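Subject: Structure handover

Hello,

Here is the structure for your files. Please open it alongside this note; the findings follow below.

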Amino acid sequence: MEPSLLLRPGRIGSLELKHRILMGAMHLEIEGRRDKLPQLIAFYRERVRGGAALIVTGNVAVLPEGGGHGMFCLAEPDHRAQLAELAEAIRAEGGLLALQLAHRGRYATSAETGMTPWAPSPIASRLTKETPAEMTASDIAKLKEAFIDGAAFAASAGFAAIEIMGSEGYLLNEFVSPLTNRRADEYGQGHAGRMKLCLEIVEGIRQRVGTEYPVIYRMSGDDCMEGSTTREETLTFARELERSGVDALNVGIGWHESAIPTVGAIVPPGAFGPVAGAVRAAVSVPVIGANRIHTPEVAEELLVRGDLDFVAPARPWLADSAFARKIIEADREALNQCVSCNQACLDHTLGRPPKPVGCLVNPRTGREAEDVPAADKRLSVAVVGGGVAGMQAAKTAAERGHQVVLFEAADRLGGQFLLASRIPGKETFRETIRYFRVALQRLGVEVRLNSAPDEKELAAFDRVVMATGVRPYVPEALEGADLPLVCTYAELLSGARPFGRNIVVIGGGGIGSDVAHYLAEKIRLRPEVETFFAERGQDAQRPAESRITLVSRSEKVAKGVGPTSRWVLLGELKRRDVRVMKGYRCSAITAEGVWVENGEDKQFVPADQVVLCTGQRSRIAPDDEFGDKLPEASWVGGAIDAAELNAARAIRQAYEAAIEL
Ligand code: SF4
C-alpha cells in the first residue's frame, strides 16, 4: 500500500506536524550522563534529519524514587540543564521534541534509586519482586505538583510538547488499574477514584501551561493483565482525559509484567490497531499508536482503517534513522527494517547490568556522534563471506569510498541470517538481507557468488576482510553422530533434510530452542505448512504422535536468548507440546534413538531423526592453515569467535573493521 494518509500534515493541539510519522519514546540508557550528552544530541539530531515529524524523549522521571539507571530526573538541576541543551539543539536542527514525563512507580527499584518505590498500594510486581510503599496523601500531592512543574519546565526549556507517561504499568497506570490500586481513599475505590489522580494532573498542567501548550497523554489501551481495567473503563478514561484537556492520546499496550507478548516478532504487525481504534472512536482528539508498526505499509493501513491519526514507532527508528525520510522520498527499497529481535535495544536496557541501546541491523545506532570518515585513499578491498557481517563490512567500506569486491561461497547472500529466517518470528531477517543487497548494488560493490578466493587471488587486493562465519560443530567423540538419522541444524533449516516424525534436538541453547520451535511449527497442520510439505513432495498429514524432544545440558534452556524473547520462546515450546529434558546430556545415538543421562538417570528416547545443535566452529580462523596465509587481513564475526552466535556483535565488528581500513 503506497503511503498517502501517512504523508498528510496533521495537528496535535496547536502543534502543526508536517506528516503523521512520529518517533515514539525510547530509553537509551545514556540519559542523565553529561559525558554522553553529545551522543544523545547526535542521536536525536540524526532522527530529525531522518524526517521525524515529532520525537518523544525517553522517560524523564519527575521525582527520584520514580527514576532509575541511566535516566534523566527533574529533581537534578544538572539534568534540567542538559535537557534544556538537548531541546535547544533539536530546535536549532529544525526538529520538534516532546518531553516524556514519567514516574516508574512499582517498576522502579530501590537498588537503582536508593529509595523505596512508590505505588498506589503495596503490591509487589512480578518484574522487580519488590514491595513498594503505599503513597500517602502528601506523596500524592507531591507527585501531582512534580508532573505539573515538569510540564512547566518543558514549556520554558523549549520542548515542543509533553507526553505524560500513563501506560506500560508505570505509576499513573497503576492508579487506574484495580490490580494495583486497592486504596480506601478518594484515589481508589471504583473507577472514578482510580482515574482521579491522572485527571487532576492533566487539569493542573493545563492551568499551569495554558491551553495552547501541546499535551499528549500516553494511556494504556489494554493492560494485557487479567483482572485489570476493563475495555469500557478504558474508553471512559479516554473521554475523561479529553475532557480534562489533553490534545492527543497515545495508546500503549501491555505492562512490562504482562504474560502476553506485545513487542516481539511473534506479534503480528499492526495487531493492536483495533485497540487504539476503539479509543479513537470514543474521542475527538487525535490518537497515536505504536507496537509492531514496522513498515510504511502497516502504518498506512492503520490510518486507512481509521485506527490511528499518527504512528509513533520507536525501534524502527533505531534500525533506520531515516525511517520517515525514506517513506517521504518513496525510497522503500532503502529502508532498513527493524526485525523485532530486541537483542541490542530492549534486551540491553532490561539486562543486568543494563547497557546502552544499539541496534542489531544498524551498527551506527548509539554512535551517531562519531563520523564515518571518507577514505584518504581509494583502496581495493576484498570482503570474504556474504553473511550479514560481510555485507556490512562491504557496505561501510564502499560508503567510505573504497572499491569493494564481496565474495560468497554459496549461491546467494545471507549466510546464517538466511538459515535463521526460517525460524518462526525471524522471517523478517530476509528483509535485512534484502536491504544489504540493495545498498551494495547502489554502492557499486561487486558481488561474486559461488566464489571462494584463494590467497593468491586475495593478494591482489590492498585490504582483506574475513567474514567467513561459522559451520555447525559435530562432536566427533559422540557415538553414533555419523548415523544417517543425524543431521545438523544447518542441514535441517536449509531444507536439505526432510523432517522425521519423532525428532530429538540435541542442544538446548538459543539455536536448539529455535530449531525445536521451528519443527513444532512445521509439524502442525496449517495451510501454509501443508504447502511447505507439498512443495518438497513430503507427506503433509503428520500423524498425531509426531514428537519433538529437546535435550538441554543446562537446566536453563535457551540460556543465551535475551530477556524479552526467552520467555516467549519457552512459552511457544510449551504451547506446542515440545518435550524439554533439562539437565540431560546425550551420551550416544543409535539407529533407533538417543541415550540421554543426567548423572542419576539414564533414558533411551526413540527417534527417527536427531538434529545436532551442539555449537559451531569458525569456517576459517586466523590461526588455521588458510588464515596463516593472510597475516594482514581483518577478521570479524564468527571467523574470530564462534562460541556464541551473535549477529549484533558480528555486524558491529564488521562496521568497525571497515572504518579502520
Ligand atoms: Fe529492531 Fe532488533 Fe534493532 Fe531492536 S535491535 S531496533 S528489535 S532490529
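Contact, as used here, means heavy atoms within 4.5 Å. Helices (H or I, at least four residues) and strands (E, at least two) are DSSP runs, numbered from the N terminus. Buried means under 20% relative accessible area, exposed over 50%, and partly exposed in between, with a 1.4 Å probe and protein chains only.

This is a predicted model: local features need pLDDT of at least 70, side-chain atom pairs count only at pLDDT 80 or more, and totals for chains, interfaces and linings use all residues. Residues are numbered from 1 along each chain as its sequence is written, and side-chain values use heavy atoms, with hydrogens and water left out.

Helix α9 comes first. It covers residues 296–304, and its buried residues are Pro296, Val298, Ala299, Glu300, Leu302 and Leu303. The cover over these buried residues includes α8 (273–282), β12 (310–311) and α11. Gly306 follows α9 and has a positive phi, near 85°.

Next, the domain record. UniProt, in an unreviewed entry, places "domain: NADH:flavin oxidoreductase/NADH oxidase N-terminal" at residues 7–328. UniProt positions are in the numbering used here, feature names are shortened, and annotations may be inferred rather than shown by experiment. In the model, the end C-alpha atoms of residues 7–328 lie 7 Å apart.

Now the ligand. Which residues surround the ligand? They are Arg315, Leu318, Cys338, Val339, Ser340, Cys341, Asn342, Ala344, Cys345, Cys359, Leu360 and Val361. A residue is near a molecule or strand if one of its heavy atoms lies within 4 Å of it. The shell divides into nine nonpolar residues, two polar and one charged. Here Ala, Val, Leu, Ile, Met, Phe, Trp, Tyr, Cys and Pro count as nonpolar, Asp, Glu, Lys and Arg as charged, and the others, Gly among them, as polar.

Ser340, one of the ligand's neighbours, sits in the loop between α11 (323–328) and α12 (346–350). Its phi is positive, near 55°, in a residue other than glycine. Ser340 counts as buried because its relative accessibility is 4%.

Glu29 also deserves a look. It lies in the loop between β2 (15–17) and α1 (37–49). Why does Glu29 count as buried? Because its relative accessibility is 5%.

Last, a hairpin. Two residues join β22 to β23. Strands β22 (585–590) and β23 (593–597) pair in the antiparallel sense over five bridges; pairing requires at least two DSSP bridges. Ala588 stands opposite Trp595 in β23.

Best wishes
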